[in-house]
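Let's walk through this structure together, one piece at a time. Keep the sequence and the 3D view side by side as you read.

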Amino acid sequence: MLGRYVEPALWVLIALDGDPLDLTSMLDAVRSLDGPIGHGTLVGAVSRLERLRLVESVWTGARLPMYRLTTLGRMAAGSAAILKGRPA
Amino acid sequence: MSALIRLYPAAWRARYGLEFEALLAERPPSKRDLLDIVLAAVDARLVPQVEAAPVARQARITDRLAGAAAVAGGLIWSATYLVGWLVQADGDLSLPILAALGLMLLSLPGTYIVAYARPVALAGIAVAVSLALLFAQVLPWDLILLVPILAIVGVLGPGALALAAARAGTPAGGRWRLLLLTVPWPIIGSVAVAVGFVPTVLPGPVVVASFLPLGLAWIVTGFRIARGPIVSMSTVTTAGGTA
């Protein structure tokens, strides 16, 4: 399911373990955590996480949606943080 | 930048295109990022993560009118055969049947007719030819009656009923069952009348049993359209997000 997106998906989960982010903020956050990540890889990871119901998009009145963790996603983010040696 | 987005499949673009374009504008991609985007687009086509999903919305006044037309068409259709059978009057049933067909057509306005222009146009031509023949008194009325009936069961019937049912939110399996329960029987009934198997041009039990389900299906579907929610034919895509 995740294929080559496993690693970026873990970083997206960690980046979203806080306030909701739009794609641009998410790109910045993941890059600050993990170094370079491509635009395509980022959205590929997000779409997979959405499909797995780990991440959901929310519309807060802005033109573009924000992304946040679901309950399941928060649990996965905790595990991701441990895996990456970044315990919350 | 839009050329990059066009590399992705349509369903993906519908879901992420706007925000991806904003991302590209706010964080212009490097050469390495461009390669990443191309690879991700190939991946999105090979392993699509976004599926098209129909969108439901509240019924608008146009939907309620369309639903009312479908109900009226189904009622007239059903009543014509029932009354014709019960009364056994030697009257001309072609006008109410044509009126019912017209109302059924009217219940498919707007994007639906645009999306399915060809079958709807064919059915419209069939009905128009039937009307012309009727008024020209070219054919005996029972034969004239068969022309629109065959038109509706052959073209308009399955297509329009399936379309109306889709609009009313009936899932694909339900639409197939609806068609199976309603469409074959008018064909069989029409053929039975045409070959003389049913020895009367007035509706008898066989004809009524053949044609009534179609009218009832239109009534039920019309009510569902009028009540909503309406399932849009144009699809947007979701990947699990909440609006």
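Arg53(A) sits in the loop between α3 and β1 of chain A, where helices (H or I, at least four residues) and strands (E, at least two) are DSSP runs numbered from the N terminus. Although Arg53(A) is not a glycine, it has a positive phi of about 60 degrees. A residue is buried if 20 or more other C-beta atoms lie within 10 Å of its own, exposed if 12 or fewer, and partly exposed in between, with the C-beta atoms placed from the backbone.

Before going further, a word on where this comes from. This is a predicted model, in which local features need pLDDT of at least 70 and side-chain atom pairs count only at pLDDT 80 or more, while totals for chains, interfaces and linings use all residues. Residues are numbered from 1 along each chain as its sequence is written, and chains are lettered from A and ligands numbered from 1 in the order in which they are written.

The term pLDDT is the predictor's confidence in each residue, from 0 to 100. Chain A averages a pLDDT of 86, and 95% of its residues score at least 70. Within chain A, confidence is highest in helix α3 (residues 39-51), at a mean of 93, and lowest in helix α4 (residues 71-83), at 83.

Now look at how helices meet inside chain A. Two packed helices are described by the angle between their axes and the distance between the axes. Helix α1 (residues 6-15) of chain A packs against α4(A) at an angle of about 110 degrees, with the axes 8 Å apart. Axes are lines fitted to C-alpha atoms, for helices over the stretch in contact, and angles run from 0 to 180 degrees between N-to-C directions. The angle makes α1(A) roughly perpendicular to α4(A), a label for 65 to 115 degrees (under 35 is roughly parallel, over 145 roughly antiparallel, and the rest oblique). On the α1(A) side, the contact is made by Leu10(A), Leu13(A) and Ile14(A), and α4(A) brings residues including Gly73(A), Ala76(A) and Leu83(A). Contact here means that the C-beta atoms of two residues, placed from the backbone, lie within 7 Å.

Which element of chain A gives the most to the side that touches chain B? First, the overall picture: 21 residues of chain A are in contact with 26 residues of chain B. The answer is α3(A), with nine residues. One partner of α3(A) is helix α2 (residues 10-26) of chain B, packed at an angle of about 145 degrees with the axes 11 Å apart. Here His39(A), Val43(A) and Ser47(A) of α3(A) meet Tyr16(B), Phe20(B), Leu23(B) and Leu24(B) of α2(B).

Finally, turn to chain B. Its secondary structure comes to eleven helices and two strands. Of its 243 residues, 37% count as buried. The mean pLDDT of chain B is 74, and 66% of its residues reach 70 or more. Confidence in chain B is highest in helix α3 (residues 31-46) of chain B, at a mean of 90, and lowest in strand β2 (residues 230-238) of chain B, at 51. Over residues 234-243 of chain B, pLDDT stays under 50. The model as a whole scores ipTM 0.89 and pTM 0.47.
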